[in-house]
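Hi,

Here is the structure I promised to pass on.

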Amino acid sequence: MAKVLVVTSGKGGVGKTTSTAALGAALAQQGQKVVVVDFDVGLRNLDLIMGAERRVVFDLINVAQGVAKLSQALIRDKRLESLWLLPASQTRDKDALTDEGVRDIIADLRTKFDWVICDSPAGIERGATLAMRYADEAVVVTNPEVSSVRDADRIIGMLDSKTVKAEKGEQLKKHVLITRYDTGRANRGEMLNIDDILEILAIPLLGIIPESQDVLKASNVGSPVTLNNAASMPAKAYMDAARRLSGETIAMVVPSEPRRGFMGRLLGRRAA
Amino acid sequence: MDSKVEPQRQVMRLRGRSYVAFVFSPFMPIMNWLEEIDATLAHSPGFFVGRPIVLDLSAVELSSRGIAHLISSLESRGIRVLGLEGVEASGLEADLPPVLSGGRGCLVEHVEPQKVEVQTPPPVSSLLLRNPVRSGQRIVFAEGDVTVLGSVGSGAEIVAGGSIHVYGALRGRAMAGINGNSAARIYCQKIEAELLAIDGYYQTAEDIGETLRRQPAQAWLDGELLRITPLN
């Protein structure tokens, strides 16, 4: 039974696309057949993060409008057999998407994959509402700071009212994924801590992704972080989150502050 | 014995009584009019069976034979004619129904199945929300109280005609007693509200005392003063 998962946040720049790529790759690495779908029509990024930007011929809009077949637009990942990408169009805008077009594509993808992961654009307008429209589950990405938490709260409200599942009176499963978490700063009160975020959002926690250079490094080489450096902290956190999505129970690890060596302690803090 | 036996005279008593009869007014050509009758019968067969029917012939000019023919064609449709109207009694054959006069129009009542009275529930005076109210959501309930089983997010808004009860943190805006109900109150388990208002008197987050923040509290109107006091 295929699952349609939307990765959304409301606020931009919190790590939706990075998380879509990482979770998609992690699920594929765990043996699932996965397609990641870029809904950010006009500002596509997922193809870059996936390292497939040179292979895009047809896109989501072409398929929605019947110009191309779904099989022509799907791009298979070069590293993982069971990972596919359906790119967005860069030359169009979100108005080119129609409800019926999205419905048909999602229904088609359901028959071919175990997981359909929709990368939502930022905002609460058409693009974002269409990305979540046919979802069974949602991953709400947030950073540990107030504005992104409030926007996440807004998006949760929309997930509970604007999706087909919600309109049928069913419960859409929602998870919060906290990204760019820095334990040290949270402990010093410079960031919201995990409990604050969970208390405000009141939905289950899927994972905590630590702030790390590895994420940016992976993006720059066009590779999901779980593939680029599987031993890194964020990669491990994403792998755990993907297992939780599959229904496994895995203890939550709050990323600890990296230990500094003696010299690091001496020279770690630069004088202001 | 001379006796005269008076024959017992039976007094015949005549009483008048009025009945409601359907009046048919045929028009020319008769064939078309009969088709209309047939159409009515197709809709509701047996509609005229057993009902008194009077033929008003003022719109048509028919001979005595013509009238007899018309009556027999109605009879073949199960319609029995009780009397005639709008024709001279003289010159009509004796076996035709009698000519009536002095008819008064009246409303023919259709007996319709009695409508079952729908029991309207008493007007709702409170609204229960089982889920948290999220940022950007706006709940307006002018008819009475609003109860939220969960938190009210920052950027959410609750507007109530009566009181507002929040079983969770109140981080958004709450406006109670909007229809001039100064007795309305706002209760919450954790006060972090952006704005509280009762009957138009309001306080923003800045006015709420630091000691109260994050505590269970209630807001109520003391004259023209909005007071926020801790619960328990």
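Helices (H or I, at least four residues) and strands (E, at least two) are DSSP runs, numbered from the N terminus.

Some housekeeping before the rest. This is a predicted model, where local features need pLDDT of at least 70 and side-chain atom pairs count only at pLDDT 80 or more, while totals for chains, interfaces and linings use all residues. Residues are numbered from 1 along each chain as its sequence is written, chains are lettered from A and ligands numbered from 1 in the order in which they are written, and side-chain values use heavy atoms, with hydrogens and water left out.

On to the sheet in chain A. Eight strands make an open sheet with mixed pairing, in the order S3-S4-S2-S5-S1-S6-S7-S8; two strands count as paired if DSSP finds at least two bridges between them. At the edges are strand S3 (75-76) and strand S8 (205-210) of chain A, each pairing on one side only. S2 (residues 34-38) and S5 (residues 115-119) of chain A run parallel and share five bridges, and A:Val36 stands opposite A:Ile117 of S5(A). Helix H5 (residues 99-112) of chain A packs on this sheet, touching strand S1 (3-8), S2, strand S4 (83-86) and S5 of chain A, and its direction makes about 145° with that of S5(A). Contact means heavy atoms within 4.5 Å.

A:Arg180 sits in strand S7 of chain A. For context, most residues other than glycine have a negative phi, and most peptide bonds are trans.

Chain B has an open sheet too, with six strands in the order S4-S6-S8-S10-S13-S14 and mixed pairing. Strand S4 (126-129) and strand S14 (225-230) of chain B are at the edges with a single partner strand each, so one side of each has no neighbour in the sheet. On average, neighbouring strands of this sheet are turned by 20° against each other, direction ignored. Strand S6 (residues 145-148) and strand S8 (residues 164-170) of chain B are parallel and joined by three bridges, with B:Val146 opposite B:Ile164 in S8(B).

There is also a hairpin to look at in chain B. S11 (residues 195-198) and S12 (residues 201-204) of chain B pair in the antiparallel sense over four bridges, and B:Leu195 has B:Thr204 in S12(B) as its bridge partner. Two residues lie between the strands of this hairpin, and B:Asp199 there takes a positive phi near 50°. Elsewhere in chain B, the peptide bond from B:Met28 to B:Pro29 is cis, with omega near -10°. B:Pro29 is in the loop between strand S1 (22-24) and helix H1 (30-43) of chain B.

How do the chains meet? Ten residues of chain A are in contact with twelve of chain B. About 920 Å² is buried between the two chains, and carbon and sulfur atoms give 37% of it; buried area is the accessible area (1.4 Å probe) that two parts lose on being put together, summed over both. A:Arg150, A:Asp153 and A:Glu199 supply 48% of the area chain A buries against chain B, more than any other three residues.

Four salt bridges turn up across this interface, each being a side-chain nitrogen of Lys or Arg within 4 Å of a carboxyl oxygen of Asp or Glu. B:Glu194 pairs this way with A:Arg150, the closest N and O atoms being 3.6 Å apart. On the side of chain A that touches chain B, helix H7 (146-159) and helix H10 (194-201) of chain A each supply at least two residues. H7(A) gives the largest share, five residues.

Over all chains, the search finds 26 salt bridges. Among them is A:Asp40 with A:Lys94, with the closest N and O atoms 2.8 Å apart. A:Asp40 lies in the loop between S2 and helix H2 (46-49) of chain A and A:Lys94 in the loop between S4 and H5 of chain A, so this pair ties together parts 54 residues apart in sequence.

Cheers

Note on methods:
Axes are lines fitted to C-alpha atoms, for helices over the stretch in contact, and angles run from 0 to 180 degrees between N-to-C directions.
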